[in-house]
Amino acid sequence: MADSPNGRFRFLRSKSQAPQPDAFAEERQSIDLEPLTPEPAQSGLTRRSFLSGLGAAGLLAGAAPLVTAAPAAEPSADEPEPGGGTGTLTLRVNGKDFNLRGLDPRATLLDTLRERLQLTGTKKGCDHGQCGACTVHVNGRRVNSCLSFAVMHEGDEITTIEGLGQPGNLHSMQAAFVEHDGYQCGYCTSGQIMSAVALLKEPIGPSDEDIKHAMAGNICRCGAYTNIVAAVKQVRARA
Amino acid sequence: MQTFRYLKAQTVDKALAAADAGRFIAGGTTLVDLMKLTVERPKALVDINALPLARIEKLPTGGLRIGALVRNSDLAWNPDVQRDYAVLSQALLSGASPQLRNMATTGGNLLQRTRCVYFREPTAGTPGAYACNKRTPGTGCAALDGHNRTHAILGVSDHCIATHPSDMCVAMAALEAVINVEGPKGKRTILFADFHKLPGDSPHIENALESGELVTYVDLPRLPEGARSVYLKLRDRASYEFALASAAVVAHVESGQIRSVRVAIGGVGTKPWRSHEAEEALTGKPANAASFRAAAEAALAGAHPRTENAFKVELAKRCLVRSLKLATA
């Protein structure tokens, strides 16, 4: 099938088959391939690593991630009492503990996942809890990671799209989104999938209308809603 | 966003002791949003999520006690709430998105702040910012003659016409909920009708909480035997939108006569709007279209529409008529 997911992504994956290499080839490849291909990238240079490198070298020389596996450091003298704070924070994400040092209390869970843990599958859309692109699971429930400070999540089990499934071992919802073409640009997709997986455990009704209401917190500017509903329906039917 | 100290309280006492430092934070869905807009600038946040206030319990009197930290989704899907207080479950599920309902708490929803675009103006505090008496007392109200299509028509003043945004609160107004608070002076209860304040000439004072007080529980009294309840919400789109008009009705009908009824309307008031006028117009009357319309006329008799929101007067009337029909069918 020419339009099958495999066929489509094989085309995007292969540089040599690209009829007209253009300025955006690298960008397209990294957008489409980072989450989907099991193979390591051919080139070490991706859009993201290129931009990150620019930032580190040029503007933010001290912005290298301060993520360590080292034991927690002593809080500094001006550390607030009581409770945790800006000294050291341990976040449990996708089953792994991350010790974060010197985290600004203003850092949202979203920004911390993306900028400090480099888990960039979670997207920043509106940053005000209105679009759902930042949806992650906290203790098994979906939330807007943009409206929550990271310091408030010590001890929580956080799951991002990276923890849901991996290339070669996709979650059934990820596979259903691919099969039903539940996206166009893909920016909202990780949030859509995190919501869709969460709703499987929520007491919502059986109809398409119920799915649409349950997915109302995830906005898709491209308008892939019909295919998203089809993907969710398929997984619910098989669950 | 202005920086802040972060404190986490493990007990109610610790939270109260830290209250002076800044603001309590639970779900954060309103507060974090407004901090990003610099409308809220707390010096410290006291995280109360670890407090033991996340349970729903039956009261010995037959009512229900809801912990302030019970999330909106847990409250909406609680079997006792769904069976005995359908209006509350429906109101909660009509509000926000599933993600926000998983975060937002019962106590936080009571304190939810208005969606008035001038109040939420992102350059608040900078020269040229829109006037807002709620945000910066004494500056005026840009909504009075501005874009006020979504603004209130009941309980308004010359200083503020901001709509109270909560659906949950409209249901709780009709359920005659009682709010339990704890503060430096001890514990006290506040009747729902007394909790939210009309804007008057001090729209920045939105509720009856005193400095340092923490909402701990919301009690729902048992409904009259045989009462049915309904929440109906009208808005610009079918989901994930604030109400243009809504109605919460708790009605007890016998042999076609309305024995007792409680009515609250949302999306049109500067606070969750209990309508005793509608209740008086309905009590003892036959449950029919004429009674419902008379009640709707009574409920909106004191409406003060502005340049863009006059449509809400008729919309709210029709919303109330339809919800009464549903509750008494």
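Me: How many helices and strands are there in chain B?
Reply: Helices (H or I, at least four residues) and strands (E, at least two) are DSSP runs, numbered from the N terminus. Keep in mind that this is a predicted model, where local features need pLDDT of at least 70, side-chain atom pairs count only at pLDDT 80 or more, and totals for chains, interfaces and linings use all residues. Residues are numbered from 1 along each chain as its sequence is written, while chains are lettered from A and ligands numbered from 1 in the order in which they are written. For chain B, the tally is 12 helices and 12 strands.

Me: What percentage of the residues of chain B count as buried?
Reply: A residue is buried if 20 or more other C-beta atoms lie within 10 Å of its own, exposed if 12 or fewer, and partly exposed in between, with C-beta atoms placed from the backbone. One covered piece is strand β9 (residues 228-234) of chain B, where five of its seven residues are buried. Of the 329 residues of chain B, the buried part is 55%.

Me: In the open sheet of three strands in chain B, what is the order?
Reply: Two strands pair if DSSP finds at least two bridges between them. Here the pairing is parallel, and β1 and β2 (23-25) of chain B are the edge strands, each pairing on one side only. β1(B) and strand β3 (residues 44-47) of chain B share four bridges, and Leu7(B) has Val46(B) as its bridge partner in β3(B). The order is β1-β3-β2 (chain B).

Me: And which residue in β8(B) is the bridge partner of Asn180(B)?
Reply: Look at the open sheet of five strands, β4-β5-β8-β6-β7 (chain B), where the pairing is antiparallel. Within this sheet, strand β6 (residues 178-183) of chain B and strand β8 (residues 214-220) of chain B pair over five bridges. The bridge partner of Asn180(B) is Tyr217(B).

Me: Which helix gives the most to the side of domain 2 of chain B that touches domain 3 of chain B?
Reply: Domain bounds come from an automatic or database domain assignment, which gives chain B domain 1 (5-47), domain 2 (56-112 + 164-220) and domain 3 (228-328). Two residues are in contact if their C-beta atoms, placed from the backbone, lie within 7 Å, and 24 residues of domain 2 of chain B are in contact with 21 residues of domain 3 of chain B. On the domain 2 side, α5 (86-93) and α8 (168-174) of chain B each supply at least two residues. The most, five residues, comes from α8(B).

Me: Where does the largest share of the side of chain B that touches chain A come from?
Reply: In this interface, 25 residues of chain B are in contact with 28 residues of chain A. On the chain B side, β1 (5-8), α2 (31-36) and α6 (98-103) each supply at least two residues. The largest share, five residues, comes from α6(B).
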